[in-house]
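Here is a short tour for someone meeting this structure for the first time. Have a look at the model, then read on.

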Amino acid sequence: MSNFDHILNWTLKRGSHPFPGPDGGTCINEAAVVAHGYQYRPINSHLAMPSCFSRPICRLALHLNDEANDVQRQRLLPFVTRLACADTPEIEAQRAAYIRSHIDLDGPLPIRVSLDEGIRVLEGALAIGRHADPLGIEDAIERLDAARESAPENRMARAQFLPAKLKGWLSKLGQLQQSETAA
């Protein structure tokens, strides 16, 4: 469980931020960029993501991030390490079609779906094609820590901690990932 403490202290926020954001956080896509070893940069669009990230999946993640409230948004933390899964143009088109069949992100007003439904669609899109290369929790912690250390301390003091329930869930997720790796 202690391996997840650093990630659990990361706070996902709405919109793009000057790192680490006025309240100590970033959006899901900005956190994913840092967790995957890239230098922090504000992400205003899924198109600004590095090429190893799936554009349709990052677009959906950004939509869910920005539509969720502050408490709900933290449920997206487990996806930070899963967004770097770009595939062939055909697979990316299948992912986009799958997402579009559930959530119309191109309509005049995006259809508001519950976060539960949005997460189900995100999981479904992530199941199509290649999965993100396994990112060791230690690597993610090291990268997020390095980014956090570069932030002014007064911003970090305002960062919020996540609910204990999420910590327990992520602990179980870590155990599942370890058992999958061992298998």
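Let's start with the cover over one helix: α3 (55-67) and α6 (115-127) are among the elements that cover the buried residues of α5. Contact here means heavy atoms within 4.5 Å, and buried means under 20% relative accessible area, with exposed over 50% and partly exposed in between (1.4 Å probe, protein chains only). Helices (H or I, at least four residues) and strands (E, at least two) are DSSP runs, numbered from the N terminus.

A word on what you're looking at: this is a predicted model, where local features need pLDDT of at least 70 and side-chain atom pairs count only at pLDDT 80 or more, while totals for chains, interfaces and linings use all residues. Residues are numbered from 1 along each chain as its sequence is written, and side-chain values use heavy atoms, leaving out hydrogens and water.

Back to α5. Its buried residues are I91, E92, R95 and I99. Seen down the axis of α5, they fall within an arc of 100° (taken from the directions from the helix axis to the C-beta atoms), so they line one face of the helix. An α-helix has 3.6 residues a turn, so residues three or four places apart point the same way. On the face of α5 turned away from the buried side sit the exposed residues P89, E90 and S101.

Now for α3, whose buried residues include P56, I57, C58 and L60. Its cover includes β1 (11-12), α2, α4 (70-73), α5 and α6.

| Helix | Residues | Expected span | End-to-end C-alpha distance |
|---|---|---|---|
| α3 | 13 residues | 18 Å | 18 Å |

Next, the loop between α2 (28-35) and α3, which holds H46. Is H46 buried or exposed? With a relative accessible area of 17%, H46 is buried. Leaving aside residues up to four places away in sequence, H46 touches R55, C58, R59 and L62.

There is also one aromatic pair by the rule used here (ring centres of Phe, Tyr and Trp, its six-membered ring, within 6.5 Å; planes under 30 degrees apart are stacked, over 60 edge-to-face and the rest tilted). The rings of Y38 and F53 have centres 6.3 Å apart and planes at 55°, so the pair is tilted. Y38 is partly exposed at 33% relative accessible area, whereas F53 is buried at 1%.

Terms used
Expected span 1.5 Å × (residues − 1).
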